[in-house]
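Welcome! Let us take a slow walk through a protein fold together, one stop at a time.

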Amino acid sequence: MRMAKLGRLMPPGLLQMIEPLRLAIIGEVLAGQYVLRDMQRLCKLLHDNCGEVSYRLEFRRHEKERFFCITGVIRANLHAVCQRCLDGMEVYINNEVYLGIVRDRSEAAGLPAGYEPLLVGDEPVSLRELLEDELLLAMPMSPMHDPEHCPATGILAGLKERAETSPFAKLKELAQKVRY
Ligand SMILES: [Zn+2]
């Protein structure tokens, strides 16, 4: 039986440069948290920078195929911008990670379905940026409140009603009657 490793807890707030291939060879598990405000590229798309990101990543050799991979989960609670009212709305991301560690395009092409390539060179990569990239891909394209909870629903309904009962609408009606 394969025991689940608890994971090495990473100290928060650091850039944390990692070598994915080396970690996969030794079978390392990393877990930890970031505050969302440390992820500026992501924050630019959000209503505000409040929220946290937690992750647990297993670096290992794939059981059947001959490649190294990173599997695990990234979770984040954040405030996206509702595309209807432009106010903040809570979004919870619970994203499973399936990355194949590759050194070039031909290795990437050989990955089985379901694995995204993570291209690595000789330089270490930033764990934070790796997680941020995954979150950017996992963000909903066009987040919106449910209509019954969106402040814009009432405002839009009010505007429509006002447009229909405004003096201008009556004037327009009158003008049309005169013309025909
Ligand atoms: Zn809304």
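Which residues does L86 touch, not counting those up to four places away in sequence? The contacts of L86 are H47 and V81. Before going further, please keep in mind that this is a predicted model.

You will find L86 in the loop that runs between β5 (68-81) and β6 (88-102). Is L86 buried or exposed? Its relative accessible area is 59%, so L86 is exposed, as the cut-off for that word is over 50%. Now look across to A152: although 66 residues separate L86 and A152 along the chain, their C-alpha atoms are 8.7 Å apart.

β5 and β6 pair in the antiparallel sense, and 14 bridges join them. In this pairing, V81 stands opposite G88 in β6. β6 also has a partner in strand β7 (residues 116-119); these two run parallel and are joined by four bridges. One example to find is G100, whose bridge partner in β7 is P117.

Which protein atoms are the donors of the zinc ion? They are C82 (SG), C85 (SG), H145 (ND1) and C150 (SG), at 2.1 to 2.4 Å from the ion. Along the chain, these donors follow the spacing C-x2-C-x59-H-x4-C. C82 has a relative accessibility of 0% and counts as buried. H145 is buried as well, with a relative accessible area of 16%.

What geometry does the site of the zinc ion have? The angles among the four donor atoms are 102 to 121°, and the site is tetrahedral. For comparison, the ideal angle for four tetrahedral donors is 109.5 degrees.

Our next stop is a group of rings. A search of the whole structure finds three aromatic pairs. In one of them, the rings of F67 and Y115 have their centres 5.2 Å apart and their planes at 85°, so this pair is edge-to-face. F67 lies in the loop between β4 (52-61) and β5, while Y115 lies 48 residues away, in the loop between α3 (105-109) and β7. F67 is buried, with a relative accessible area of 10%, and Y115 is buried too, at 14%. The rings of Y98 and Y115 also form an edge-to-face pair, because their planes stand at 85°, with centres 5.6 Å apart. Y98 belongs to strand β6 and is 17 residues from Y115. At 38% relative accessibility, Y98 counts as partly exposed. Together, F67, Y98 and Y115 form one aromatic cluster.

One last stop remains. S126 has its place in strand β8 (residues 125-126) and is buried, with a relative accessible area of 8%. A polar atom of the S126 side chain lies 3.3 Å from the backbone nitrogen of R128.

Note on methods. Residues are numbered from 1 along each chain as its sequence is written. This is a predicted model: local features need pLDDT of at least 70, side-chain atom pairs count only at pLDDT 80 or more; totals for chains, interfaces and linings use all residues. Side-chain values use heavy atoms; hydrogens and water are left out. Buried means under 20% relative accessible area, exposed over 50%, partly exposed in between (1.4 Å probe, protein chains only). Contact means heavy atoms within 4.5 Å. Donors are N, O and S atoms within 2.8 Å of the metal (3.2 Å for Na, K and Ca); water is not among the atoms, so sites may look incomplete. Four donors count as tetrahedral if all angles lie between 85 and 135 degrees; four count as square planar and six as octahedral if opposite donors are over 155 degrees apart and all others between 65 and 115; anything else is irregular. A polar contact is a pair of N or O atoms within 3.5 Å; within protein, one must be able to donate a hydrogen and the other to accept it, and residues adjacent in sequence count only if both atoms are side-chain atoms. Two strands pair if DSSP finds at least two bridges between them. Rings of Phe, Tyr and Trp (its six-membered ring) pair if their centres lie within 6.5 Å; planes under 30 degrees apart count as stacked, over 60 as edge-to-face and the rest as tilted.
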